[in-house]
Amino acid sequence: MSEDDDRSPPSDSIANGSCPTRTCTPGSGSGSGSSSIPEYAAPYPDRVLENVFRKRSLVLNLTSWYRVEAMTRSDLFIGNCYAVSPERATSRFTRVRSVTLKGKPRFADFNLMPPNWGAHFAPWVSATAKAYPWLEKIHLKRMSVTDDDLDLLAESFSGFKELVLVCCDGFGTSGLAAVASKCRQLKVLDLIESEVSDDEVDWIMCFPDTETCLESLIFDCVECLVDFDALERLVARSPSLKKLRLNRFVSIGQLYRLMVRAPQLTHLGTGSFSPSEDVAQGELELDYVSAFAACKSLVCLSGFREIVPDCLPAIYPVCANLTSLNFSYANISAEQLKPIISNCHKLQTFWVLDSICDEGLQAVATTCKELRELRVFPFDPREDIEGPVSEVGLQAISEGCRKLQSILYFCQRMTNAAVIAMSKNCPDLVVFRLCIMGRHRPDHVTGEPMDEGFGAIVMNCKKLTRLAVSGLLTDTAFAYIGKYGKIVRTLSVAFAGDSDMGLKYVLEGCPRLQKLEIRDSPFGDTALLSGLHHYYNMRFLWMSACRLSHQGCQQIAQALPHLVVEVIKHEDVVHMDDYADTLYMYRSLAGRRHDVPQFVSIL
Amino acid sequence: MERSMAYERDLNLKATELRLGLPGSDEPEKPSTTPSVRSNKRASPEISEESRSKGSSCVSSKVESGERDSAPPAKEQVVGWPPIRSYRKNCLRAKKNDQVDGAGMYVKVSVDGAPYLRKIDLKVYKSYPELLETLENMFKLTIGEYSEKEGYNGSDFAPTYEDKDGDWMLVGDVPWDMFISSCKRLRIMKGSEARGLSC
């Protein structure tokens, strides 16, 4: 499970805190012109090298570019595919066996970016095909990948082992067929939250007839039928298979047959978890409990795409061993959850729909003492409805799950008290993402803004690096973040704040800030300019539907030549004067990119 | 601070809304979010003149529903909010269409003469008697016995509901399943209106 999983290696921090690279002039935030361009030097190259060795991966950053020697680093990690050109990267680092690339910013997932913006894999696959014929692993996130790209990949890398595509699009089953048929050493084919078009090619049939090396096959996001017999035969001839996540076109009866073939599985995505429509198949008579009981190594369970609750008891035998359970597509009630969750003593990761209500969360809190990560998604993601989970559930979780490190919680109402309680009860929190779905909703008991709650989080959770805020928030909330959020790296803001001061607090107060995404908040040019001292240390800044002007963005572009400043125009937005609807800016060695679509201006 | 207090006042009014109007004469429900008028009210001295005049042109039609001065009559969906990926939204939307009731079916309940409304989850009840008993307890009143011919006898109160077509119906006429799939809100009528129904 890596839906929006921000597990980028902490080597990002090389770019700022651990490497004192900035010598900025005080007050550089408000000025424009050459005097405010920060001097960018790398006074301590040894420290940078040390970090690189420790993290065992390569991070491209502006300061150390010319200082780092070509090393036998095998993993190339590029957090923004436009930060460097493929040619430059491949010529600089020569012994790479694994490439990780990230493309579009996260807000693109929510339709805030027009299609065809960029992040094309094509130039990367052709550059790496030439430079690294021994390449084994490619991991892409939010990139546009075509079938031709996949074909070139499959042709170019004879020892290719792992392909992981997260939140990617642009390809279809014919691309998958190319990979399946030509990558004979393939161990991992993971398609996660990606959009795969149905080219009516049966890619499962394209795997070679011989025994495969497959260890992981994840295709739960693929929205097309696969030939089940071919799948069953594939599983039967993949003795190393440990991770299998089926799509919703696989019925529970078919799941049974696969489980019987692969009792060695550790990770299972169950597909639809309901009988196929052809009832004559006698699926309900199969002994699912035994099938699950036979999977003694199963620790991670997901799927349940079209769950028939009566089938749920089949999973009882594995509950006690589960460390990860994803019910986030299963519309089950508290009553249906309780018998399952009461056995899940070892659970560390739990994703669920709010259909379980506060009562269900209380049951989780009672049993899951080892819980590290919780995500509660809304069954009905509208704004004005009565929601089934609230501050009650959050409070219960905070009291029962003291080891919590990461939470994503969608709700319709919340109180400061519950958030404050969580800040005190869960000191290990690293990720706190609260989404109160109604915009500008205050504490529903006191009517106050949610400032104090989020303030307590940044104050008390000393390990917090990722924060997403919501609800009614004044500049005070941002003052708290700026004052206490000293190690916050990722901040997500929507419909919040009163004035430029809000953004200023954050830009001036958070030295570790890497990724800042803001929408629909009243921050303007003055606030934007107050961050000049910091933008080279960030991976990116996104601001949409705020109060920026072209002129303000232009000033940034002039002051910081190594920043690419993109202003994105949306078709349906009426433009008045100089208004800049969407700003996306990022540091780059490559300068302005060559694949700019018509709706993007690079200043 | 002024703005947020004004917002709070608005909220309280909604919660204590008196409903004395006839069924169907209610105004459409206003969106619960404050129409953002920040661009007009903001006059912070530290913000430069030029960015004010430019910045206030927040007329992106995508976020019009949140940014206009006047509240739109129906809640417009804002692009990308709440932040759920389309894939997940589509999967769950399909489920909602399959099921009539989804997860929890909260409807508002008003009683003539009571100062504020309540909300109940219809999914929790399995039958009319259960529902009516709950209503009686909740509002401390007696509803009386239902009969097909005479409606509710023996009390001043009659439970009615607004159905999907916007019509006000007497509770109890249709089978329970049909009722919960079509009931949008409940109103317990009192007095002469109530007696009128049972004739």
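Modeller: According to an unreviewed UniProt entry, residues 95-140 of chain A carry the annotation "domain: Transport inhibitor response" (such annotations may be inferred rather than shown by experiment, feature names are shortened, and positions follow the numbering used here). That stretch is 22% helix and 20% strand, with its end C-alpha atoms 19 Å apart; helices (H or I, at least four residues) and strands (E, at least two) are DSSP runs, numbered from the N terminus. Keep in mind that this is a predicted model, where local features need pLDDT of at least 70 and side-chain atom pairs count only at pLDDT 80 or more, while totals for chains, interfaces and linings use all residues. Residues are numbered from 1 along each chain as its sequence is written, chains are lettered from A and ligands numbered from 1 in the order written, and side-chain values use heavy atoms, leaving out hydrogens and water.

The part I'd zoom in on is a sheet in chain B. Chain B has eight helices and seven strands, and five strands make up an open, mixed sheet in the order E2-E1-E7-E5-E6 (strands pair if DSSP finds at least two bridges between them). Strands E2 (118-121) and E6 (168-170) of chain B sit at the edges with a single partner strand each, so one side of each has no neighbour in the sheet. On average, neighbouring strands here are turned by 30 degrees against each other, direction ignored.

Now look at E5 (residues 157-162) and E7 (residues 185-190) of chain B, which run antiparallel over six bridges. There, B:Phe157 stands opposite B:Lys190 of E7(B).

Helix H6 (residues 128-139) of chain B packs on this sheet, touching E1 (106-111), E2, E5 and E7; a contact means heavy atoms within 4.5 Å. The direction of H6(B) makes about 155 degrees with that of E2(B), where axes are lines fitted to C-alpha atoms, for helices over the stretch in contact, and angles run from 0 to 180 degrees between N-to-C directions.

What lies inside? A core of 27 residues includes B:Ile120, B:Tyr128, B:Phe139 and B:Leu186; a nonpolar core is a set of buried Ala, Val, Leu, Ile, Met, Phe, Trp, Tyr and Cys residues joined through side-chain atoms within 4.5 Å. Of the 199 residues of chain B, 41% are buried (under 20% relative accessible area, with exposed over 50% and partly exposed in between, using a 1.4 Å probe and protein chains only).
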